Amino acid sequence: NAGVTQTPKFQVLKTGQSMTLQCAQDMNHNSMYWYRQDPGMGLRLIYYSASEGTTDKGEVPNGYNVSRLNKREFSLRLESAAPSQTSVYFCASKWSGGNEQFFGPGTRLTVL
Amino acid sequence: EDKVVQSPLSLVVHEGDTVTLNCSYEVTNFRSLLWYKQEKKAPTFLFMLTSSGIEKKSGRLSSILDKKELFSILNITATQTGDSAVYLCAVEAEINNNNDMRFGAGTRLTVKP
């Protein structure tokens, strides 16, 4: 099992560009999450999906959109990137009856 | 406003020392509190706590929750250099009929040989 995979690992964008961060899990988990991690601020929840076909806003959803394409995949889209979106982005998944979230390796995004 | 506060923000100890990391929270509709260890990559799960006063233990690590005083502690005894990491506390709460997860800023632990 690959667990939770994320692509790309690194990305540099110019202000106003768009991009999609991809996340996939092969653990048959129902719930998937997108977080951003900034220095001194811990992890902040952007969006999550409790099951295929549903998505909900987290703590910091502005400037982002998500798609739960199927049970395996949960993508995060930046329509018009801003320097404030420079961060490390983590995707996570969880079995709905379980305790822990399993995290992907992260995507380091820089917006110039 | 829901928040999770960890202290100290950073801590430097020597091998063999015992450390206590703190996590206090203010959330409505609390569901659970989780501890994660983050080294240079993704966080890895340590404990989940839902009930007050019941200690969870795994080797040299243990944790307990106080739902009355709204805090949790993570203890590490006989620390080793491999314990060096950022330790994250997260609180799962029901907000607007949805489950939300709020993380603290983390405690950076450095264990020197």
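I started with A:Tyr33, which counts as buried because its relative accessibility is 7%, under the 20% cut-off. I note at once that this is a predicted model.

**Entry: around A:Tyr33**

I placed A:Tyr33 in strand S4 of chain A, residues 31-38. Next I listed its contacts, leaving out residues up to four places away in sequence. The list runs A:Leu45, A:Tyr47, A:Tyr48, A:Phe74, A:Phe90, A:Cys91, A:Ala92, A:Ser93, A:Lys94 and A:Gln101. I also checked A:Arg44. It sits 11 residues from A:Tyr33 in sequence, and the C-alpha atoms are 10 Å apart.

**Entry: aromatic pairs**

I counted aromatic pairs over all chains and found 10. I took up A:Tyr33 with A:Tyr48. Their ring centres are 6.1 Å apart and their planes meet at 20°, so I logged the pair as stacked. The cut-off for stacked is under 30 degrees. A:Tyr33 is in strand S4 of chain A and A:Tyr48 in strand S5, residues 42-49, of chain A, so this pair ties together parts 15 residues apart in sequence. A:Tyr48 is buried, with a relative accessible area of 5%.

Then I turned to A:Phe90 and A:Phe103. Here the centres are 6.3 Å apart and the planes stand at 85°, so the pair is edge-to-face. That label needs an angle over 60 degrees. I found A:Phe90 in strand S9 (residues 87-94) and A:Phe103 in strand S10 (residues 102-103), both of chain A, so the pair links parts 13 residues apart in sequence. A:Phe90 is buried at 3% relative accessible area. A:Phe103 is buried too, at 11%.

Which residues form one aromatic cluster? I wrote down A:Tyr33, A:Tyr35, A:Tyr48, A:Phe90, A:Phe103, B:Tyr36, B:Phe45 and B:Phe103. The cluster takes residues from chain A and from chain B.

**Entry: nonpolar cores**

I looked up the largest nonpolar core and found 23 residues. The members that touch the most others are B:Tyr25, B:Phe30, B:Leu33, B:Trp35, B:Tyr87, B:Val91 and B:Leu109. I then asked which elements of chain B give two or more residues to this core. They are strands S3 (19-26), S4 (30-38), S5 (44-49), S7, S8, S9 (85-95) and S11 (107-112). S9(B) gives the most, five residues.

Beyond its neighbours within four places in sequence, B:Phe30 is in contact with B:Tyr25, B:Leu49, B:Thr50, B:Leu65, B:Lys67, B:Val91, B:Glu92 and B:Ala93.

**Entry: strands of chain B**

I traced an open sheet of five strands in chain B, in the order S1-S3-S8-S7-S6, with antiparallel pairing. Its edge strands are S1 (3-7) and S6 (56-58), and each pairs on one side only. The twist averages 15° from one strand to the next. Inside the sheet I checked S7 (residues 61-66) against S8 (residues 71-76) of chain B: six bridges join these antiparallel strands. I looked up B:Ser63 and found B:Leu74 in S8(B) as its bridge partner.

**Entry: strand S1 of chain A**

Which residues of S1(A), residues 4-7, lie on the covered face? I recorded A:Val4 and A:Gln6 there, while A:Thr5 and A:Thr7 make up the uncovered face. S1(A) pairs with S3(A), residues 19-25, over four bridges in the antiparallel sense. From the covered face I picked A:Gln6. Its bridge partner in S3(A) is A:Cys23.

Methods
Residues numbered from 1 in each chain as written. Chains lettered and ligands numbered in written order. Predicted model: local features only at pLDDT ≥ 70, side-chain atom pairs only at ≥ 80, totals over all residues. Heavy atoms only, no water. Pairing = 2+ DSSP bridges. Axes fitted to C-alpha atoms, helices over the stretch in contact; angles between N-to-C directions. Buried < 20%, exposed > 50% of the residue type's maximum accessible area, 1.4 Å probe, protein only. Contact = heavy atoms within 4.5 Å. Core = buried A, V, L, I, M, F, W, Y, C linked by side-chain atoms within 4.5 Å. Phe/Tyr/Trp six-rings, centres within 6.5 Å; stacked < 30°, edge-to-face > 60°.
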